[in-house]
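Let's walk through this structure together, from overall make-up to local detail. Please have the coordinates open as you read.

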Amino acid sequence: MLLLVLAGLAWMMQILSMLRFLIQYGISLVGFLGLTAMMLPLILSIIIPFSTFIAIMFVYVRLISGREITVAAAAGLSPLQVARPALVFAGLIVALHFAMNMFVVPATQAKFYDTQWNMRFGLAHLKLQEATFTQMSRGLVVFVEKVAGTYLSRLMLFDNRDTKNQMIISADSGKLIHTDRGLSIAMERGSVQFRDENFAVGTFDSMDMDLNLADRDPGNIFRVRRLSSLDLIREAQRLDTFRPRDQRRILSEMSTRFLGPLMSIVLALIALAALLKSSLLRRAGFNMAAPMATLGMSLAMAAFMVLGDLAIGLWGFFGILAGQVLAITVLFFILAGVRPRINN
């Protein structure tokens with residue numbers, strides 16, 4: 001329930017941040033909601049560890065306040081036995097989270113970027129009005145006398161995207177074409193006025209022109225989130241072929257995708273160790289267990305995110321994994337009430 005509430009709030013924030021697609025590009029409300037809904041799996045993958053921690057904290061604080069933990073300890077149950085339901089729950093969450101990161105998030109992110117690109121630069125967002133000057137992008141204005149689908153009659157374009165090279169083009173007819181670069185227009189029987197340092201006028205029988213600023217096919221834009229998990233592993237095996245910035249993106253995505261689910265176990269153990277150990281001590285006065293557990297959760301997640309962004313090479317990735325395994329082991333021994341031996 002907590003996960004659904006937090007995901008709904010995050011989705012609403014995502015809708016507010018992407019309102020420009022609804023306003024600027026004139027897409028339908030259904031299309032806009034569908035676009036933002038594609039971000040839900042990514043949002044869920046981010047907040048799952050936090051939701052797991054908060055849910056475990058909520059349940060066990062209630063158990064402690066109702067003295068159920070004290071009764072369970074008096075009946076002979078160990079801290080591990082009391083913590084077993086939460087650990088099983090966290091294990092199931094880890095499995096579901098890992099499956100989501102491996103398959104669902106990459107697929108929806110690839111679909112999100114493709115849909116977003118089509119809405120911005122494709123025919124999906126084009127709303128040309130007859131006998132009206134329409135600004136297609138910054139510095140590009142189009143006037144069309146008649147529109148019939150993708151066919152245009154008696155049109156004029158003013159291209160001031162490059163202020164040092166301005167063009168005014170008029171044509172008897174034209175047709176909109178969806179290419180890898182976005183929208184283009186094929187015009188027939190017209191004239192062009194070109195001005196840079198000089199001024200030139202000419203005529204043409206046919207002419208093609210881009211209508212937007214999209215310079216690359218969306219499939220060629222390097223976005224690690226849209227890579228499948230297998231492709232991400234392949235890219236990580238040849239890190240040396242990428243720029244340093246792209247190397248950090250690959251390693252950060254690998255940490256988030258493959259190691260992020262383990263944080264649910266880490267945070268669950270932090271909550272259980274802080275709450276159960278303190279409740280069994282039976283100390284009077286203000287209990288600092290919940291604030292200390294929250295502080296531990298904050299430090300653990302901050303360390304994971306920072307190290308994931310700063311990881312250098314695959315050794316950095318495996319270093320984070322080793323740190324998670326060490327944290328899980330130490331927290332398990334703390335929860336069990338056994339101190340691990342450290343050999344000098």
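A residue is called buried under 20% relative accessible area, exposed over 50%, and partly exposed in between, with a 1.4 Å probe and protein chains only as cover. This is a predicted model, in which local features need pLDDT of at least 70 and side-chain atom pairs count only at pLDDT 80 or more, while totals for chains, interfaces and linings use all residues. Residues are numbered from 1 along each chain as its sequence is written, and side-chain values use heavy atoms, with hydrogens and water left out.

With that in hand, start with the overall picture. The protein has eleven helices and six strands; these are DSSP runs numbered from the N terminus, with helices being H or I of at least four residues and strands being E of at least two. Of its 344 residues, 40% are buried. The accessible surface is about 19800 Å², and carbon and sulfur atoms account for 63% of that; areas come from the Shrake-Rupley method with a 1.4 Å probe, and for residues only the protein chains shown count as cover. Contact here means heavy atoms within 4.5 Å. Among contacts between residues at least 6 apart in sequence, 62% join residues at least 24 apart.

Now look inside. A nonpolar core is a set of buried Ala, Val, Leu, Ile, Met, Phe, Trp, Tyr and Cys residues joined through side-chain atoms within 4.5 Å. The largest such core has 46 residues, and those with the most contacts inside it are Tyr 60, Ile 250, Leu 267, Leu 272 and Leu 276. Helices that each supply at least two residues of this core include α4, α6 (79-121) and α10 (289-310). The most comes from α9, with eleven residues. Apart from this core lies another, of 18 residues, with Ile 27, Leu 42, Ile 48 and Phe 112 among them.

Which residues does Tyr 60 touch beyond its neighbours within four places in sequence? Its contacts are Ile 69, Val 82, Ala 83, Pro 85, Ala 86, Leu 272, Leu 275 and Leu 276. Val 59 sits in helix α4 (residues 40-65), and it counts as partly exposed because its relative accessibility is 43%. Val 59 and Ala 86 are 27 residues apart in sequence, and their C-alpha atoms are 9.2 Å apart in space.

Next come the strands, which pair if DSSP finds at least two bridges between them. Strand β2 (residues 140-148) pairs with β1 in the antiparallel sense over five bridges, and Gln 135 has Val 141 in β2 as its bridge partner. Two residues lie between β1 and β2 in their hairpin, where Gly 139 in the turn has a positive phi of about 90°. Strand β3 (residues 151-159) also pairs with β2 in the antiparallel sense, over eight bridges. In that hairpin, Gly 149 takes a positive phi near 70°.

Most residues other than glycine have a negative phi. Arg 154, in strand β3, has a positive phi of about 50°. Arg 67 has a positive phi near 65°; it lies in the loop between α4 and α5 and counts as exposed because its relative accessibility is 53%.

Finally, Phe 133 belongs to strand β1 (residues 132-137) and, at 54% relative accessibility, counts as exposed.
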